[in-house]
Amino acid sequence: MKIDVLTIFPEFFGQVFDFGIIRRAKLAGIVEINVHDIREYATDKHKMTDDRPFGGGDGMVMKAEPIFLAIEHLIGTSDRAAYPTGTRVVLLSPQGRPLKQTVAKEFADDATHIVMICGRYEGVDERVNETLVTDEISIGDYVLSGGEPAAIVVTDAIVRLLPEALGSETSAENDSFSDGLLDCPHYTRPAEFRGMKVPDVLLNGNHAEIEKWRREMALLKTKKNRPDLLEGENGERER
Ligand code: ADE
């Protein structure tokens, strides 16, 4: 998989993709991640990437042209219908479709080239959205000062799901959300720490009982912290 990030703050990304699973995936050749400065695609002498909004109002709007030029450079076309199979252009914005584990999985399974556009200021000229973008994604119902942290979140969520990214010792199968529930609690040595004991069931080696306990704990945690995950589409209880 190839991921290209378009931003006016390339330095923001620093070493963020150089740790843990993402670093390992890069070194193993599972993913290539490149960060590009949108300003390099600005054509006027001041290298402007934003301008005042038509119709008036506060803030600045990111210009369409530098983003179109960047996409043409990275994908070879700005005609969305002509993008090669597996190409996705993601606009990070609070107006987007919410990021879910299922969305990350869909990208991990289907995409081979993802270009992420990090919006700033009051937004991005809507012609970018209308013409270039295949997926507008939000990482939650709050407003960040830019799409950069969201691009990092989306990249991490996708890359760790790529086949072989996690390595053999771990698996995404037991992650929170993979079965619609939050993950169960975990413990490691010592079995007693400052008087706090690890639940007995985890120490007795009975795998069927351990599985049952984990499922019960996952359900309890989900009921407490995310009861919405237990509601069906029409609000009925599914579990
Ligand atoms: N840019 C600003 N806020 C955002 C959000 N919640 N998700 C994605 N991109 C954003």
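Predicted model: local features only at pLDDT ≥ 70, side-chain atom pairs only at ≥ 80, totals over all residues.
Trainee: What does the protein chain contain, and what box do its C-alpha atoms fill?

Mentor: The protein chain has six helices and ten strands. Along the principal axes, its C-alpha atoms fill a box of roughly 70 × 40 × 40 Å. The chain has 239 residues, and 39% of them count as buried.

Trainee: Which residues are the closest to the ligand?

Mentor: Ser93, Ile139, Gly140, Tyr142 and Leu144 are the closest, in a shell of 13 residues that surround the ligand.

Trainee: How much of the ligand does the protein bury?

Mentor: Taken alone, the ligand exposes 260 Å², and the protein buries 97% of that. The space that the ligand takes is the second largest pocket.

Trainee: Which elements give two or more residues to the shell around the ligand?

Mentor: They are β5, residues 87-98, and β8, residues 135-138. The most comes from β5, with three residues.

Trainee: How is the shell around the ligand made up by class?

Mentor: Eight residues are nonpolar and five are polar, with no charged residues.

Trainee: Why is Thr77 called buried?

Mentor: Its relative accessibility is 17%. Buried means under 20%, so Thr77 counts as buried. Thr77 lies in the loop between α2 and β5.

Trainee: What does the side chain of Thr77 lie 2.9 Å from?

Mentor: A polar atom of that side chain lies 2.9 Å from the backbone nitrogen of Asp79.

Trainee: Why is His36 called buried?

Mentor: The value for His36 is 18% relative accessibility. The limit for buried is under 20%, and therefore His36 counts as buried. His36 is found in strand β2, residues 32-37. A polar contact of 2.7 Å joins its side chain to that of Asp4.

Trainee: Why is Glu65 called partly exposed?

Mentor: Glu65 has 42% relative accessibility. Buried is under 20% and exposed is over 50%, with partly exposed in between, so Glu65 counts as partly exposed. Glu65 is found in helix α2, residues 64-75.

Trainee: Why does Pro227 count as partly exposed?

Mentor: Pro227 has 35% relative accessibility. The C-alpha atoms of Pro227 and Gly57 are separated by 40 Å, and the two residues are 170 apart along the chain.

Trainee: Why is Glu164 called exposed?

Mentor: Exposed means over 50%. Glu164 has 72% relative accessibility, so it counts as exposed. Glu164 lies in the loop between α5 and β9. Its phi is near 80°, a positive value in a residue other than glycine.

Trainee: Why does Arg194 count as exposed?

Mentor: At 74% relative accessibility, Arg194 is over the limit of 50%, so it counts as exposed. Arg194 is found in the loop between β9 and β10, the latter being residues 196-197. Arg194 has a positive phi of about 50° although it is not a glycine.

Trainee: Which value of omega goes with the cis peptide bond from Arg189 to Pro190?

Mentor: Omega is near 5° for that bond from Arg189 to Pro190. Pro190 is found in the loop between α5, residues 148-159, and β9, residues 192-193.

Key. Residues numbered from 1 in each chain as written. Heavy atoms only, no water. Near = heavy atom within 4 Å. Areas by Shrake-Rupley, 256 points an atom, 1.4 Å probe, with all protein chains shown as cover. 1 Å grid on protein atoms, 1.4 Å probe; cavity = no way out; pocket = protein on both sides within 12 Å on 5 of 7 lines; lining within 4 Å. Sits in = over half its atoms within 2 Å of the grid points. Helix = DSSP H or I, 4+ residues; strand = E, 2+ residues; numbered from the N terminus. Nonpolar A, V, L, I, M, F, W, Y, C, P; charged D, E, K, R; others polar. Buried < 20%, exposed > 50% of the residue type's maximum accessible area, 1.4 Å probe, protein only. Polar contact = N/O pair within 3.5 Å; in protein donor to acceptor, adjacent residues only side chain to side chain.
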